Amino acid sequence: MNNRAAFAPLVFLFHTAACQVIGIATVMGTWTLTENIPVALCAGAIVAFLAAHFLALSPPWQILNLVIIPMAAVLLAEPLPAWVPVTLAFVTAIIYAPAFWTRVPYYPTSKAAYAVLMAELPADRPFRFVDIGCGFGDLVLFLAKHRPLGHYTGIEIGILPFAAAKIRALVFGNGRVDIRYQSMWKLDLGAFDVVAFLSPAPMVELWAKAKREMRTGSVFVTNSFVVPDEPSRTAPVVDEKRSVLYFHDM
Ligand SMILES: C[S@@+](CC[C@H](N)C(=O)[O-])C[C@H]1O[C@@H](n2cnc3c(N)ncnc32)[C@H](O)[C@@H]1O
């Protein structure tokens, strides 16, 4: 994995923590001066937002920084009913639980990478593409829309992402997207022209499987995580994670 991409999420968290420290200091200072809590909270939220903007965090992270202080104040003043955090914890557990045994967390590919990957797919002939660990199906649905000659398979073992991807494929897939509740270890990679995958943990085993099963002329793509052999080519992605797509011609 390229080092910058590996540490990008930590950098965002560190920047966000710094923005919030500045925001909280602003709340304390404004409160001391005005003794007006709403004014102090607004000042803190705006300063945290401006700090995030100054650090060039993306719009979602800027908005997160804007809302953290007011939301924390609301929660302190009016605790939520118990079922809200319980439901949130349950949904999060359903999405992320498989990561405990697969070592592959749900970590969506950036939208910027979709276009880079799409540019590598044939526009003039049919092909078969599989996204290993398709999450909620965003990538395969996007590609099916923009490269309609392809047939797309997404496999997933997280129950909630699988169910969501399955329904979305039935509704929006135009018959070109097949979502399966299946482990990558039970999938014959030889059936596909392009195999895409994103996660570091099982990469060595998966690469060995790809070399055993994939046909000559097919392509194995990883996002930011390297395999033990040199890629045929790489494509940098302009996104926050500073992703790099690695293409291996088989
Ligand atoms: C890093 S996410 C990728 C999400 C999606 N492909 C995207 O690009 O946005 C990896 C996904 O792989 C799934 N996964 C983990 N181990 C798997 C396995 N053995 N077989 C199939 N899917 C797996 C996880 O549940 C998770 O949703």
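This is a predicted model: local features need pLDDT of at least 70, side-chain atom pairs count only at pLDDT 80 or more; totals for chains, interfaces and linings use all residues.
1. Start with strand β1 (127–132). β1 pairs with β2 in the parallel sense, over six bridges. On another pairing, β1 runs parallel to β4, with four bridges joining the two.

2. Val130 has Thr153 of β2 as its bridge partner. Ile132, in turn, stands opposite Phe197 in β4.

3. Together, β1, α7 and β2 make a β-α-β unit, and the unit is right-handed. Helix α7 covers residues 138–146, while β2 spans 150–156.

4. Thr153 deserves a look of its own. This residue sits in strand β2 and counts as buried because its relative accessibility is 0%. Leaving out residues up to four places away in sequence, Thr153 touches Phe129, Val130 and Asp131, as well as Val140, Asp178, Arg180 and Phe192.

5. What is buried in α7? Leu139, Val140, Leu141, Leu143 and Ala144 are. The cover over these buried residues includes α6 (111–119), β1, β2, α8 (159–172) and β3 (177–181).

6. The largest nonpolar core has 27 residues, and the members that touch the most others are Leu117, Phe129, Leu143, Tyr152, Val177 and Ile179. Elements giving two or more residues to this core are α6, β1, α7, α8 and β3, plus β4 (194–197), β5 (219–223) and β7 (244–249). Which element supplies the largest share of this core? That is α7, with five residues.

7. Finally, over to Gly44 in helix α2 (residues 37–54). Is Gly44 buried or exposed? Buried, because its relative accessibility is 0%. Beyond its neighbours within four places in sequence, Gly44 is in contact with Gly23, Thr26, Val27 and Ile69. For a sense of distance, Thr30 is 14 residues from Gly44 in sequence, and their C-alpha atoms are 8.2 Å apart in space.

Conventions. Residues are numbered from 1 along each chain as its sequence is written. Side-chain values use heavy atoms; hydrogens and water are left out. Buried means under 20% relative accessible area, exposed over 50%, partly exposed in between (1.4 Å probe, protein chains only). Contact means heavy atoms within 4.5 Å. A nonpolar core is a set of buried Ala, Val, Leu, Ile, Met, Phe, Trp, Tyr and Cys residues joined through side-chain atoms within 4.5 Å. Two strands pair if DSSP finds at least two bridges between them. A crossover is right-handed if, with the strands pointing away from the viewer, the path from the first strand over the helix to the second runs clockwise.
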